[in-house]
Number of protein chains: 2
Amino acid sequence: MARLFSVFSSRNLLVLSLALNVSLILRVLYEKESGVISGLSLDNKREALRTDSMPSEAHATQKEHLSMPSSSSSSSTVDSNGRDRVINLDHYAEIGKTQVHRQLSFWHLGRSEEYSVCMSEALAPLGRSASENFGRLYFASAFKTGDKSTILIPGWQSMSYFSDAGSLCWFLEPEFAKEIVRLHKVVGNAVTEDRYIVVGTGSTQLYQAVLYALSPLDAVEPLSVVSAAPYYSSYPLITDCLKSGLYKWAGDAQSFNKEGPYIELVTSPNNPDGYVRQSVVNKSGGILVHDLAYYWPQYSPIAAAADHDIMLFTVSKSTGHAGMRIGWALVKDEEAAKKMVKYIELNTIGVSKDSQLRAAKVLQVVTDGCKYPTSKEGSLFDFAAHLMEERWKLLRAAVRQSGLFTLPEFPPGTCRFLNISFAPRPAFAWLKCEAPIEDCEAFLRSNNILTRSGIHFGVGPQYVRISMLDRDENYDVFVERLSTIHLRQSMQLDETAE
Amino acid sequence: MARLFSVFSSRNLLVLSLALNVSLILRVLYEKESGVISGLSLDNKREALRTDSMPSEAHATQKEHLSMPSSSSSSSTVDSNGRDRVINLDHYAEIGKTQVHRQLSFWHLGRSEEYSVCMSEALAPLGRSASENFGRLYFASAFKTGDKSTILIPGWQSMSYFSDAGSLCWFLEPEFAKEIVRLHKVVGNAVTEDRYIVVGTGSTQLYQAVLYALSPLDAVEPLSVVSAAPYYSSYPLITDCLKSGLYKWAGDAQSFNKEGPYIELVTSPNNPDGYVRQSVVNKSGGILVHDLAYYWPQYSPIAAAADHDIMLFTVSKSTGHAGMRIGWALVKDEEAAKKMVKYIELNTIGVSKDSQLRAAKVLQVVTDGCKYPTSKEGSLFDFAAHLMEERWKLLRAAVRQSGLFTLPEFPPGTCRFLNISFAPRPAFAWLKCEAPIEDCEAFLRSNNILTRSGIHFGVGPQYVRISMLDRDENYDVFVERLSTIHLRQSMQLDETAE
């Protein structure tokens, strides 16, 4: 608890209140701008394209968004009560702006130089996830309090392909490997002893490295890859994009009954529904791969250190540095680790040294922030956990008031890291529309709320996945609208009945 | 010419002479160390592993090297005349050390801090290519003369997945795109007008993105991928590693006679033989992909700006920053560019922003160095071209003296960038053993010279590929040994005859 309270130092409150002012001022300017035709059309194009090219999260729905640029773009148009404004919650890349407004005020107290940098960042329509944002605020403060998280790279440095020629993963920066172990030890979310660390260009590349490593090269038919529905909508797309003869997406693990070897992906906490998961296929010849991207204190209580054969992590979900494209795998079996390294050698001849060096610095600052909770900012996880808690409270209240939806219920658990008991606060809300609504995505779209239909996750259209990580201003409009939908909807039903 | 002479300023000569001293001193220490058993075994392990995991260049020969760790490692053991020392020229990752020794002297004149950094780098057994090294020396000087090539990244910066949400390649940093165009304009090696720029995690990822982009998703059989032998030995391995149903390696383009669509890879200057190339398949339905990784003034005269539909480049061969893992493609067709972007989104969700920002800075410094030839260091290309010229002179002299080998002969051409006429100085020497030698790789190995057999490049065992980019000290021993082989070889032949 002490950690959580430390988040609310007088300094932070000052920051937040100033942030609110700056945020409001900028929003006024913002709305003014959106009235200007030229500015509008530019925003539309950018927003439409961003929605179109949403990384990893929107493969399945790109065409939908392309076909509706006006709506997917009109989040830049706001009327007085926000009723006609489209809220796009089919990705997790929007929260940045308001957070950066907060940061603006933060910087504004400081140096004008950084201020202008942040200003340009705040006004640039770049997607950002809340996790990025946790990082952004945290590292802004870290930077302000002494350049701790800043890295300097001379032109002549780290030019070789090699990071540690003598080690199994010859392109892994030893400094980064060291910080990975330190962070897991302080958070307590994964066992690192007797593991090989394999670095990847994000956990997406590591997932493909795992498929390559686990698939026998001489098999007569492709290895089956399964995951329990609802599963991460990108798994099938990545697995089958090259029509590999080594492996093949085989759908929902619960209904998998093919004989022979297979790979089961266990995403825990799960994307999209946030539940903690175990393997569900009860057959011999199966290999488990654990995607633990969201097993961090801001999303889920850390019950115990995960201790599986293959575990995948990424900085984009832990510290928020998605732009680094850095993930890591903890692998027990030496041969599997060697084949993963081989895939990454064939695919990209290793992983950016610059980003690994920067990731090492960032993880070091995060771990130090955890080890010394007296820091006024609290740890990155303290800050992020509190923000997620706020948002889930708001959402559940809106769902109760509406009466048209249901949400997953999570049992609380004790977090070994935060030393408190709480229920998971996933990065996504897995919302179910109750009867008479059959197509939840279409229903919410008719209310100018864009989500992703359950059909992309291997289940029915009565479910949608909602990003919990949009901008504060969008999120507030969303929950307010959700809470009042039932009235408008019943009216619509009456009209239909007549 | 003025540019070339500018390389020999009194300052450079001082640097070189001091470098020689430092190099000799370090070599003495080095040889002492290699006598120590513990040090030796460590070196052996590292060398063996480095050779085993040689990026990109050694896939085809890994097992060979694994099976001969003692020889592949004994480059760390030197006798008085170097006769028993194994020279490994089956990769291009070794030149770094002596060059760094030069750099050491360079730094030694400067600040002790950088000196210690360089010292640790110099003694670290990391592979480095000559191109890396060109960069290393160049950027060391650039750094010394005012931090021009140094980049500083605060912890909160460039966290988003997005670089330019509104552009076709939404993960391409606009600053990097700008510098790519500037560099091509000043060097004059490629047309950038009316092209889409796609950034990749090295040109290796871009090659795979091209295959994905050009392969019809609904084809009944995989698209044929061909290249004229001798072809880059990694092409077949990368193309077939996942047994894709979209595309398939179909071997030597000269003997390709299958009907229907195909992809022809045109590597120019070619790896391994260094010749400037054109398409050789004369059929309809073919799509050309130009790999121009080596089309830079240090390797080949720049005759004209390349103007092809798809052109691939990489910083590892141009500026030497292999550790960045950054390449770029210049693509005419919008749909092809979009599909390449889609592949990179599926494969790694974009490309490291940190490395792109650093690459932008590095390219900027290189381009500025080209635009102001009054700089005492000369441009990166001046320095690199001179080093390659020296090495090829030494090699041709050794081959003449030996009488057992032949090398490709290149017609001189005028370089629009260096404003002189010269013959290509490729990064690899494509050496042919004349009769009675049948297996050139085995013959050279019996003389403790490790090379890569022609069989990996789609031709016969009478050819080998030799890296021209090894360390100065290794390269000198190699050419000296090559020039004297014929005597020992004839003796061996006499013995066999008796």
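Helices and strands here are DSSP runs, numbered from the N terminus. The views below are close-ups of a predicted model.

Figure 1. P269(A) sits in the loop of chain A that runs between β6 (262-267) and β7 (286-291). The peptide bond leading from S268(A) to P269(A) is cis, and its omega is near -5°.

Figure 2. In chain A, the loop between β13 (428-433) and α16 (440-446) contains P436(A). The bond from A435(A) to P436(A) is cis, with omega near 10°.

Figure 3. D194(A) is not a glycine, yet its phi is positive, at about 55°. The residue belongs to the loop between α9 (174-187) and β3 (196-200) of chain A. With a relative accessibility of 72%, D194(A) counts as exposed, the cut-off for that class being over 50%. In chain B, D194(B) also has a positive phi of about 55° without being a glycine. D194(B) is placed in the loop between α9 (174-187) and β3 (196-200) of chain B. Its relative accessible area is 71%, and D194(B) is exposed.

**Figure 4. Contact of helix α14 of chain A with helix α14 of chain B.** Two packed helices are described by the angle between their axes and the distance between the axes. For α14 (residues 353-371) of chain A and α14 (residues 353-371) of chain B, the axes come within 7 Å and cross at roughly 120°. The two helices are therefore oblique to each other, and the crossing of α14(A) and α14(B) is right-handed. On the chain A side, D354(A), S355(A) and R358(A) take part; they meet D354(B), S355(B) and R358(B) of α14(B). By class, the residues of this contact comprise no nonpolar, two polar and four charged.

Figure 5. K393(A) and E389(A) form a salt bridge in which the closest N and O atoms are 3.9 Å apart. Both residues lie in α15 (residues 380-402) of chain A, four residues apart, or about one turn of the helix. K393(A) is exposed, at 58% relative accessible area, whereas E389(A), at 25%, counts as partly exposed.

Figure 6. K393(B) is paired with E389(B) in a salt bridge, and the closest N and O atoms are 4.0 Å apart. In α15 (residues 380-402) of chain B, K393(B) and E389(B) are four residues apart, so about one helical turn separates them. The relative accessibility of K393(B) is 57%, which counts as exposed. For E389(B) the value is 24%, which counts as partly exposed.

Figure 7. D472(B) forms a salt bridge with R391(B), and their closest N and O atoms are 2.5 Å apart. D472(B) lies in α17 (residues 472-497) of chain B and R391(B) in α15 of chain B, so the pair ties together parts that are 81 residues apart in sequence. D472(B) and R391(B) are both buried.

**Figure 8. Salt-bridge network in chain A.** R195(A), D307(A), D309(A) and K332(A) are joined into one network by salt bridges that share partners. Over all chains, the structure holds 38 salt bridges.

Technical notes:
Residues numbered from 1 in each chain as written. Chains lettered and ligands numbered in written order. Predicted model: local features only at pLDDT ≥ 70, side-chain atom pairs only at ≥ 80, totals over all residues. Heavy atoms only, no water. Axes fitted to C-alpha atoms, helices over the stretch in contact; angles between N-to-C directions. Parallel < 35°, antiparallel > 145°, perpendicular 65-115°, else oblique. Left-handed = near helix turned anticlockwise from the far one by under 90°. Contact = heavy atoms within 4.5 Å. Nonpolar A, V, L, I, M, F, W, Y, C, P; charged D, E, K, R; others polar. Salt bridge = Lys/Arg side-chain N within 4 Å of Asp/Glu carboxyl O. Buried < 20%, exposed > 50% of the residue type's maximum accessible area, 1.4 Å probe, protein only.
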